[in-house]
Amino acid sequence: MNFWNDPLKIAADWLMGIFTSWGMPEIGAQALIAFLGIFLLIAILMVLDIFLVWIERKVVARFQDRIGPNRLGPYGLMQPFADIVKLLIKEDTTPAGADKVVYNIAPMLSMMSVLILWAIVPLAPVILGVDLNVGILFLIAAGSIGTLSIIMAGWSSNNKFAMVGAFRQVAVMISFEVPMLAMLLIPTVLSGSMGMNAIIQKQDIWFVALAPLGALIFLIAAIAELGRAPFDMAEGESELVSGYNIEYSGMKFGMFYAGELLHAFTFGGFWSILFFGGYRFFGLEKVSPFLAIAVILFKAMIGYWIIMWVKYTMLRIRIDHMLAFNWKFLTPLSFVLLMMTALLNALLRGGSTWLYISGMFLSNVLLAWSALEIARTYSRREREKAEGPKQALGVVAEVHH
Amino acid sequence: MIPLSWFLTLSAGLFSIGLFGVLSRRNAVAILLGVELMLNAVNVNLVAFWRYGDLAQMAGQVFAIIVFAVAAAEVAVGLALIISVYRRRNTVIANDLDLLKW
Amino acid sequence: MTAQQIIFLVVSFVTLGSALMVVTSRNLIHAALWLVSTLFGVAIIYTLLNAGFLAVVQVVVYIGAIAILFIFAVMLTRKDMRDQSPQLNRNWWMGALLAVVTFGGLFSLLQSWSGFSKTAADFPSGFDAIGRLGEALVSPDAFVLPFEVASVLLLAALVGAVYLAFNRK
């Protein structure tokens with residue numbers, strides 16, 4: 001048990017030795033060590049957040065066929081630091097008539113709801129904040145706090161556009177929590193536990209092979225939860241003048257913006273934990289925890305890249321289409337998928353592995369295909385009702401001649 | 001360790017504060033806020049008795065979960081009623097909703 | 001004074017303080033936000049009682065859904081942005097008196113009970129509370145029937161709420 005195998009325990013024991021030799025009571029030393037660990041994690045996350053800003057701007061530039069920031073530092077790496085300095089030295093305004101306390105707490109709550117998620121992310125088999133056995137529900141709970149912060153921001157700005165943007169965003173977030181919760185239950189069913197570490201340990205076969213439709217629906221619901229395009233009704237720059245963060249400038253806006261990017265990266269991480277094996281990579285994580293951290297960060301980056309790819313490729317969806325898509329398509333589909341996964345898992349798990357994998361995979365494909373067929377028939381019917389059937393138009397045109 | 005009396009006192013205090021809210025507030029939504037406090041107090045009580053009693057008997061936690069569900073249902077229907085009343089009478093002050101008084 | 005006792009005292013102080021602010025706030029949005037703080041305090045109490053699942057469900061259901069529903073309802077039922085009217089009705093002193101009497105009555109009633117000062121049995125390690133809760137909720141000789149009835153109740157509430165609040169334009 002040396003440093004390279006179990007870094008957290010070695011560091012904690014060493015610090016405990018130092019603190020008790022200074023005469024601190026043991027429980028005080030434990031609390032202090034816990035605080036230091038939290039502080040270290042948050043510091044690393046904040047530095048990562050800064051580089052996420054750089055990654056975001058470079059990637060969006062490449063998607064838009066341009067180069068992106070390349071003036072400051074090599075490849076523009078110093079650009080986010082310049083951004084942070086700019087945000088810090090801006091005037092810290094509070095709009096007149098705004099509710100001061102709520103207005104100032106909202107960005108803090110938004111950032112808090114993201115940082116709190118990293119308490120349950122298992123970076124390695126031995127490096128994790130706390131091995132909660134209800135990790136899945138904790139994910140939803142942290143999302144709820146984020147929802148609350150958005151409605152606080154929108155209401156306290158004393159601005160109609162902010163309130164409408166916040167209402168829409170909160171409606172989207174609460175609505176998409178339902179299919180997300182159903183899809184979060186799929187790894188629970190497949191692994192028999194709600195704890196993140198247990199889910200990763202049980203992924204000898206990555207769950208994306210067993211429930212690809214589940215991974216896809218989770219990604220869609222997660223993008224809606226994040227409030228990113230194509231679901232970013234709240235910050236539609238051209239529609240709502242950037243929604244709930246209209247009245248926020250300076251570092252408060254920076255917290256919302258950086259919090260959103262970190263949230264996207266965190267959900268990339270959770271997508272990889274739940275469906276792509278987390279820190280596992282054919283036994284690499286047993287070699288050293290640092291390799292496990294590298295693996296999970298790599299997978300989280302890939303998830304984040306996919307989320308960015310979706311954002312910079314797709315058009316924004318209208319709010320009523322968004323909600324109709326959720327309640328009329330995603331929610332029934334996700335419940336049927338959950339039931340089907342649970343049933344097939346119970347039936348096929350005992351049998352041969354290839355039958356298990358192919359059975360679950362094919363059932364997912366079948367369900368997706370039939371859902372799309374139903375949607376297609378429904379939309380064809382709607383279109384015919386709106387435009388009239390094709391033959392009647394031809395008859396009318398002939399009659400008018 | 002924490003004696004059971006502390007949890008029961010907290011629960012009784014929360015219940016009384018909720019009772020005060022229900023009896024003394026004018027706005028109907030504020031009355032519902034008081035009801036929520038009372039339901040939470042009851043839940044704390046149930047879970048405390050589960051913990052300090054027989055741990056194998058899950059009835060305490062099950063009861064608490066059913067209370068969660070009932071509270072959610074009641075808040076949803078209650079607030080829908082209040083919004084509906086507001087649309088007609090343009091007020092949610094409980095005192096002014098007196099159409100059925102004789 | 002063990003750490004748990006200190007945590008309990010701080011959390012219960014915050015919870016009761018927030019509850020008082022809920023019932024005396026003039027601004028209803030502030031009252032709803034104080035309710036969020038109270039619900040969070042109650043969630044921490046559940047954690048102290050080793051009911052971790054209930055704590056997280058409390059945050060998800062109460063804070064994530066019910067509190068937001070309250071905030072929406074407050075925003076939809078106000079005539080102007082400022083609340084000038086008094087927040088307590090005419091007989092608020094009677095309500096306060098009743099609340100104090102209730103608390104005193106409950107407290108004195110429990111004082112005479114022998115198990116009042118009981119301390120908790122140690123939580124057995126490896127006690128899978130969530131697994132047992134799950135089994136209790138779906139096992140036929142446990143609580144599957146109340147569970148199903150609760151889901152029917154939620155369905156009825158869902159249909160009722162949508163119907164009541166539906167705005168046919």
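Let me start with the separation inside chain A: the centres of domain 1 and domain 2 of chain A, taken over C-alpha atoms, are 24 Å apart, where domain 1 covers 1-89 and domain 2 covers 92-392, with bounds that come from an automatic or database domain assignment. What we are looking at is a predicted model, in which local features need pLDDT of at least 70 and side-chain atom pairs count only at pLDDT 80 or more, while totals for chains, interfaces and linings use all residues. Residues are numbered from 1 along each chain as its sequence is written, and chains are lettered from A and ligands numbered from 1 in the order in which they are written.

The contact between these domains takes 18 residues from domain 1 of chain A and 17 residues from domain 2 of chain A, two residues being in contact if their C-beta atoms, placed from the backbone, lie within 7 Å. On the domain 1 side, α1 (7-21), α2 (26-63) and α3 (79-88) of chain A each supply at least two residues, and α2(A) gives the most, with 10 residues. Helices here are DSSP runs of H or I of at least four residues, strands are runs of E of at least two, and both are numbered from the N terminus.

Turning to chain B, we have 3 helices and 0 strands. Its radius of gyration, taken over C-alpha atoms, is 17 Å, whereas a compact globule of 102 residues would have one near 13 Å, by the rule of 2.2 Å times the number of residues to the power 0.38. Along its principal axes, the C-alpha trace of chain B spans about 50 × 25 × 20 Å.

How many residues of chain C are in contact with chain B? There are 69 of them, and they meet 57 residues of chain B. By class, that side of chain C has 50 nonpolar, 17 polar and 2 charged residues, where Ala, Val, Leu, Ile, Met, Phe, Trp, Tyr, Cys and Pro count as nonpolar, Asp, Glu, Lys and Arg as charged, and the others, Gly among them, as polar.

Finally, the largest nonpolar core has 179 residues, and those with the most contacts inside it are V29(B), A32(C), A67(C) and F70(C). Such a core is a set of buried Ala, Val, Leu, Ile, Met, Phe, Trp, Tyr and Cys residues joined through C-beta atoms within 7 Å, and buried requires 20 or more other C-beta atoms within 10 Å of a residue's own. Leaving aside its neighbours within four places in sequence, A67(C) has contacts that include L148(A), A32(C) and Y62(C).

Terms used
A residue is buried if 20 or more other C-beta atoms lie within 10 Å of its own, exposed if 12 or fewer, and partly exposed in between; C-beta atoms are placed from the backbone.
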